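Look over the sequence and the model, then read on.

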Amino acid sequence: MTAAHGGVPTQGSPGGHPAAGATRAETDEERPLEELSLDEAIHRVEEAEHEGRPPAAGPLSNVLAAAAVVALGVAALVGSARLGLGTVRSPDSGTWPLLVSAALVVLGLGLLAAGRRTTDAERFSRASWLVLGGLATMVVFVAVIGTIGFEIPAALLAFVWLRFLGREGWRTSVLASLGVVVGFYLAFVAALSVPIPHLF
């Protein structure tokens, strides 16, 4: 029999508290969130956020992904140079793409340096194809902007990203895509006279 003090069951009795052998994780899961310490509450929230996510990618996958980002940035640098760079006082069509491409290369190198230590990346899954689709639309955008201007490719790019990658509604995607193009045109072409390839 289990001893009791003052008629109150001890932890080992059926009516008492959790058994002494119960793990801390089991007792923490049963406790309300407001009764946990800050570290315990953060840990529980992080566990809830990570449920259902794909498994973490390994070091090799991280390095390959970072190398792909660097390669894309280098290819964009070459394409920007072909558009013409101009000078600091008189930038040409390739100036802004060059800056974005250079930033992409720097970020890719940073990912490459941290690729063996990071644990935030996810293993390649069916959802990863959406990322590859977004990159493919960017490549097409860069390829045709010098020929037909930025208006139509930019509108289509924004629409595809919003509707098919972001799962926004048709109306929202159309209006936002047109708004992005109009705003970009007014800011860079009309106001700043940046020599970006355009139709109008």
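## Overview

Of the 200 residues in the protein chain, 20% are buried, meaning under 20% relative accessible area with a 1.4 Å probe and protein chains only, while exposed means over 50% and partly exposed lies in between. The model is predicted: local features need pLDDT of at least 70, side-chain atom pairs count only at pLDDT 80 or more, and totals for chains, interfaces and linings use all residues. Residues are numbered from 1 along each chain as its sequence is written, and side-chain values use heavy atoms, without hydrogens and water.

The protein chain has 7 helices and 0 strands. These are DSSP runs, numbered from the N terminus: helices are H or I with at least four residues, strands E with at least two.

## The largest core

The largest nonpolar core has 10 residues: F141, I145, F150, A154, A155, L157, V181, V189, V194 and I196. Such a core joins buried Ala, Val, Leu, Ile, Met, Phe, Trp, Tyr and Cys residues through side-chain atoms within 4.5 Å.

| Element | Residue range |
|---|---|
| α6 | residues 151-165 |

Helix α6 gives the largest share, 3 residues. F150 is in contact (heavy atoms within 4.5 Å) with residues including F184, Y185, P197 and H198, leaving aside neighbours within four places in sequence.

## An exposed residue

L156 lies in helix α6. L156 counts as exposed because its relative accessibility is 53%.
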